[in-house]
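Could you walk me through a few features of a protein model, one at a time? I would like the general idea and then the case at hand.

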Amino acid sequence: MRNILAALALTTALTLPGIAMARPVTLTTTLKNYGGNGAYLAIYVTDPKGAYAGSLWMAGTKSKYYGHLSDWYRATGGNTAEINGITGASVGAGRRLAITLDLADALFDAGYTLHVDAAVEDMRDSPNEIAVPLTAKGAGQPVQGRRYIAHFSYGM
């Protein structure tokens with residue numbers, strides 16, 4: 001029941017800011033100069049049991065490439081309804097993506113994890129490139145990615 005409420009709070013916070021107990025959070029992703037085309041990024045949250053809780057952002061608009069964001073794709077079945085209204089352009093090598101959104105307070109310090117999958121055309125996919133626990137203490141702490149992401153952080 002708690003997970004359902006947290007997921008509902010997550011989606012409610014994204015769709016109806018101000019109704020749920022939520023706070024603005026800025027997610028900042030800086031890419032390495034990997035020398036390829038723009039990266040597709042799927043940013044999403046899993047619950048304390050590792051089950052998909054919701055999508056926060058999709059960088060990249062061509063759905064034919066979403067299968068390369070394999071962990072996100074497996075969790076959602078590639079359902080593009082999960083990212084309606086939260087999609088933007090892919091992110092070029094060496095560039096930075098910063099998005100601010102409202103996240104439910106119930107997601108912090110409750111075992112939820114923020115994930116970033118990355119994929120670049122004609123290069124290796126990088127599922128779960130970033131996985132960081134959503135904690136108040138972790139805010140502002142940069143985390144290095146495994147392949148394409150130089151660093152990622154969230155700030156409140």
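Predicted model: local features only at pLDDT ≥ 70, side-chain atom pairs only at ≥ 80, totals over all residues.

Q: Let's begin with the backbone. What is the phi of Asp122?
A: Here is the general idea: most residues other than glycine have a negative phi. In this model, Asp122 has a phi near 65 degrees, which is a positive value in a residue other than glycine.

Q: Where does Asp122 lie, and is Asp122 buried or exposed?
A: Look at the loop between β6 (113-120) and β7 (126-133), where Asp122 lies. Asp122 is exposed because its relative accessible area, 76%, is over the 50% cut-off.

Q: Now for contacts across the sequence. Which residues does Asp109 contact, leaving aside its neighbours within four places in sequence?
A: Start with the place of Asp109, in the loop between β5 (96-104) and β6. Its contacts beyond those neighbours are Leu134, Thr135 and Ala136. Asp109 and Thr135 are 26 residues apart in sequence, yet their C-alpha atoms are 4.6 Å apart in space. With Ala136, a polar atom of the Asp109 side chain lies 3.3 Å from the backbone nitrogen. Asp109 is itself exposed, with a relative accessible area of 53%.

Q: How should I read a pair of aromatic rings, and how many aromatic pairs are found in the whole structure?
A: A pair of aromatic rings is described by the distance of the centres and the angle of the planes. A search of the whole structure finds 6 aromatic pairs. One of them joins Tyr34 and Tyr148, with 5.1 Å from centre to centre and 75 degrees between the planes, an edge-to-face arrangement. This pair links distant parts of the chain, 114 residues apart: Tyr34 is in the loop between β1 (22-31) and β2 (39-46), and Tyr148 is in the loop between β7 and β8 (149-155).

Q: Why is Tyr34 called buried?
A: Buried means under 20% relative accessible area, and Tyr34 has 15%, so Tyr34 qualifies. Tyr148 is buried as well, with 2%.

Q: Which residues do ring pairs link into a cluster?
A: Tyr40, Tyr65, Tyr66 and Trp72 are linked in this way.

Q: Over which ring does the charged end of Arg23 sit?
A: That ring belongs to Phe108, and the charged end of Arg23 is 4.7 Å from its centre.

How values were computed. Residues numbered from 1 in each chain as written. Heavy atoms only, no water. Helix = DSSP H or I, 4+ residues; strand = E, 2+ residues; numbered from the N terminus. Buried < 20%, exposed > 50% of the residue type's maximum accessible area, 1.4 Å probe, protein only. Contact = heavy atoms within 4.5 Å. Polar contact = N/O pair within 3.5 Å; in protein donor to acceptor, adjacent residues only side chain to side chain. Phe/Tyr/Trp six-rings, centres within 6.5 Å; stacked < 30°, edge-to-face > 60°. Lys NZ or Arg CZ within 6 Å of the ring centre and 35° of its normal.
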